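I open this notebook to record what I looked up, entry by entry.

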Amino acid sequence: MSASDVGMLALRVLAPVLVILIVLPMLQWVERRGAGLIQDRPGPNRVGPFGLLQPLADVVKFFMKEDLIPSHADRFLYVLAPGLATFAALTTFAVIPYGATLNIRGNPVPLVGADVSIGILYLFAVTSLSVYGIVLAGWSSNNKFSLIGGIRSSAQIISYELAMTTAAAGVILAAGSFRLTDVVAMQSGSWLSLPYRGWTVVPQLLGFVVFFVSAFAETNRLPFDLPEAEAELVAGYHTEYSAMKFAMFYMAEYINVVVASALMVTLYFGGWSFPGFHPTSLGGVVLSVLIFAVKTAFFVWIFMWVRWTLPRFRYDQLMRLGWKALLPLALLNLFWVAGLVLWNAL
Amino acid sequence: MSSVETVPLAPAAEKLRERFARSPLSERVAVVDLDLPTLEVAPADWPAVARFLRDDSECAYDLFLDLAGVDNAKRRGRPTRFEAVYHLHSLPRSEHVRVKVILPDTAEPRLPSVVDVWPAANWFEREAFDLYGFDFPGHPNLRRILVHDAFVGHPLRKDYSPGQRWFFAEEDLRMPSWATHTEERAGHFETQTLSIGPSHPATHGIVHLVARLDGERIKRAETQIGYMHRCFEKMAETHTWNQVIPFCDRLNYVSAMINGVGYVKTVEKMLGIEVPDRGRLVRTILSEFSRIMDHCVDIGANLVDIGALTNFWYLYQPREGIYGLLEACCGARLTVSYVRVGGLAIDVPEDFVPRCRALLESIPKFLNDVDRLVTRNRIVRNRLAGTGVITKEQAIAWGLTGPVLRSTGVAYDVRRSRPYDFYDRFDWDVPVATDGDNYARYLVRMEEMRQSLSIIRQALDVFPESGPVSSDDWHVVLPPKDAVYHDMESLIFHFKLIMEGIRVPAGERYDWIEGANGELGFYAISDGGAGPYRVKVRPPCFPMMAAYEKIIIGGTISDAIATLGTLNIIAGELER
């Protein structure tokens, strides 16, 4: 492996991570201004033009705040938890293809962190890790509100992961591969051919709906933000966290939103592909990255939109929805897809 | 006490005496005719009288309203030092009655508890124990409620100096005995005690709920209040009649105007003066706007607690507009202090009517937005319907009034049952729901806001262009400034009013109006001095908060939070 290969690999891996880290403060700005728009109020508009520098001010504030560790907390786990949450969130992006294959001097370079053959499995494994961050935070804070938040979170994520993976199994079945580049490739063909090679969302609408709803639960966003339900549990699992440790949970939540959106785009909306668009030139590849970004941004906005529109579920209602509605629907979807595959429709 | 037999009585009191004449208790109660038919009984007879008052089909005083202690140490004409004054209401007959239990002069004033007759009496008796030192044998949990557990003395007794100061530590606070030990049973999960509050996002003020949880289900609960206690009633005794008005605004500070109106109406009735129509219409209009504001804040905060944050801003927009109107009228927004005994502080601005009409135009838009977002939202219905259920019988037994009582199917609204001001001339409905759950309370409040808008619209239609807003009784109301400068007599009146305040003839009065949360009553006693001898507020929140710890048993924390919101506990009024 030459030095340029290593450089290219590093770029491939680091680029999306860096982009996410840069985009995060912007997302926060969008969320807060968007909330303002929805709620009939201005939102942050004092720092910089349109309040654009507000996230920067917030970051500075987070760094300057005193970092408190409660005296009865389990120090090791307390410090580990936010790191674990952010780590799990960031590493998930490694396997998501964010653009078409680039050709550099005849060498194909797929725009994906790691084009592994078990992409989807890896992804679900790592997202499951994120629950550890929350549970450990809840446990180590030595605060009852945090603990209840942590317990709620573990129960919620485990329940909804089941529905989510079952829904995703439909896509795997259709693609015949765990590799996410294969999943995208499967969706970049003709919408009219048989077997169908368009976006998965059309034949698997049911699976998408289940995945979509579960994604909200996975990311602890309203209407499934029970682990941090501020009116009930003060702030849930991160009640005792301050300064940058709190900010890391905050970051993890936003990264999870981006990842979940990117995943929805990849699994159901053709990833970077677009009907009739087959990038070959460099410009085409750049365009494919843009397409991917726009699609992802659309779902990120939906996450925010929903947050400011819907109220929160109650714990038992959330469990009921997960086990009694979403899981059976996901299974139904699986059978449906299996049938389609069997009759060569997919 | 049988001398009153010969005194002719007003029809209501006469009826009460007739009813007692049939019972074996007739010899032991005295019926007095004051502003309300009043019974005087001795402590030993009180439980039997209480039972008769509740159970007799012609009495049927089923709603316990208030218990006020009175210390007669500095007042002449009363047989003994202490009295416990009860106010009751009969829902079937829509009538109030007052019972005075005359406590013999002993070292420890004592009277039997009536918690088993009216469960609502529980916290009221604790309050009387706390502030007056009355002992209630038979009370299940007689301990301090408003002041700190380590407090010494009883602040509302006349010999308690209001200048005293106390310092308390956190460890002096008493926790329920079941909260401090852990139950462990074989085969069961360990239960834990969760302290929600005093400072918690959902308490919207300072209320402390100690809950024993099994998982997320509440097995036992106890509320502790008093963190916002200012002893309003003691302060009232050290000020003149008009100086009490700003304190009233701080009772239910969300709808401050209504409190002031309730208080001054009581004083005006004691004085026997009439407020001109225009002044009363302004009071009505602003009270109804305040009611809308109160309901907006309640529903908005409640929806925030269940996660629907956006509605909060939609509902705060009308509030902002109404604050603008109040500001234009009197210069203040939250605690307006706009009313005065005899009328209003100043006349309304010239553009009052157009301003009100503009608000009438703008408010429904926000209500409709919330309606569309919330009312048929499946998640909201799941969260609110069937949670925090109060049955009709429970609501009456717990002494609940206002939207909470109406949500259980009882159409008791003071504006309808005993119309004051112009409420009988307007065409409006009393919204009633039957389920008694959180969702029913939400619906009742939403509809009440629309009814209030309709009342305001009708009031504006008959609103006189000009005319006085205050009475011209210069013994009560300050003469116009211009007259004070140029007219000797006006100057004297002005001087006397500023230096001495209003002189209210000796006597007592209980007057009640429909506050945003329910029946808001003021029981005022005057000894003819410069200020009130005693003012007792009947706060609608108080019995609700007492009932809260019973309503939430068996539900989850989330339900408890939603229920706290729909009961609309306002700490300023709860703890006075």
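**Aromatic rings**

I began with one aromatic cluster, which is formed by A:Trp199, A:Phe208, A:Phe211, A:Phe212, A:Phe216, A:Tyr268, A:Phe269, A:Phe298, A:Phe299 and A:Phe303. I note that this is a predicted model, in which local features need pLDDT of at least 70 and side-chain atom pairs count only at pLDDT 80 or more, while totals for chains, interfaces and linings use all residues. Residues are numbered from 1 along each chain as its sequence is written, chains are lettered from A and ligands numbered from 1 in the order in which they are written, and side-chain values use heavy atoms, with hydrogens and water left out.

I took rings of Phe, Tyr and Trp (its six-membered ring) as paired if their centres lie within 6.5 Å, with planes under 30 degrees apart counted as stacked, over 60 as edge-to-face and the rest as tilted. By this rule I find 35 aromatic pairs over all chains. Helices (H or I, at least four residues) and strands (E, at least two) are DSSP runs, numbered from the N terminus. I record both A:Phe211 and A:Tyr268 as buried, a term for under 20% relative accessible area, with exposed over 50% and partly exposed in between (1.4 Å probe, protein chains only).

I next looked up B:Phe82 and B:Phe134, whose ring centres are 5.5 Å apart with planes at 80°, so the pair is edge-to-face. It also links distant parts of the chain, 52 residues apart, with B:Phe82 in strand β4 of chain B and B:Phe134 in the loop between α3 and α4 (177-180) of chain B. B:Phe82 counts as buried at 6% relative accessibility, and B:Phe134 counts as buried at 0%.

**Charges over rings**

I applied the rule that NZ of Lys or CZ of Arg must be within 6 Å of the ring centre and within 35 degrees of the ring normal. The charged end of B:Lys365 sits over the ring of B:Phe366, 4.5 Å from its centre. B:Arg415 lies over the face of B:Tyr423, 5.7 Å from the ring centre.

**Cysteines**

How many disulfides are there over all chains? I find 0, a disulfide being a pair of cysteine sulfur atoms within 2.5 Å. For B:Cys296, the nearest cysteine sulfur is that of B:Cys356, 16 Å away. B:Cys296 is buried, with a relative accessible area of 1%. For B:Cys541, the nearest cysteine sulfur is that of B:Cys248, 15 Å away. B:Cys541 counts as buried at 0% relative accessibility.

**A sheet in chain B**

I looked up an open sheet of 3 strands with antiparallel pairing, in the order β11-β12-β13 (chain B); two strands pair if DSSP finds at least two bridges between them. At its edges stand β11 (507-514) and β13 (534-538) of chain B, each with a single partner strand, so one side of each has no neighbour in the sheet. Strand β12 (residues 519-526) of chain B pairs with β13(B) in the antiparallel sense over 5 bridges. Within β13(B), B:Arg538 stands opposite B:Gly521.
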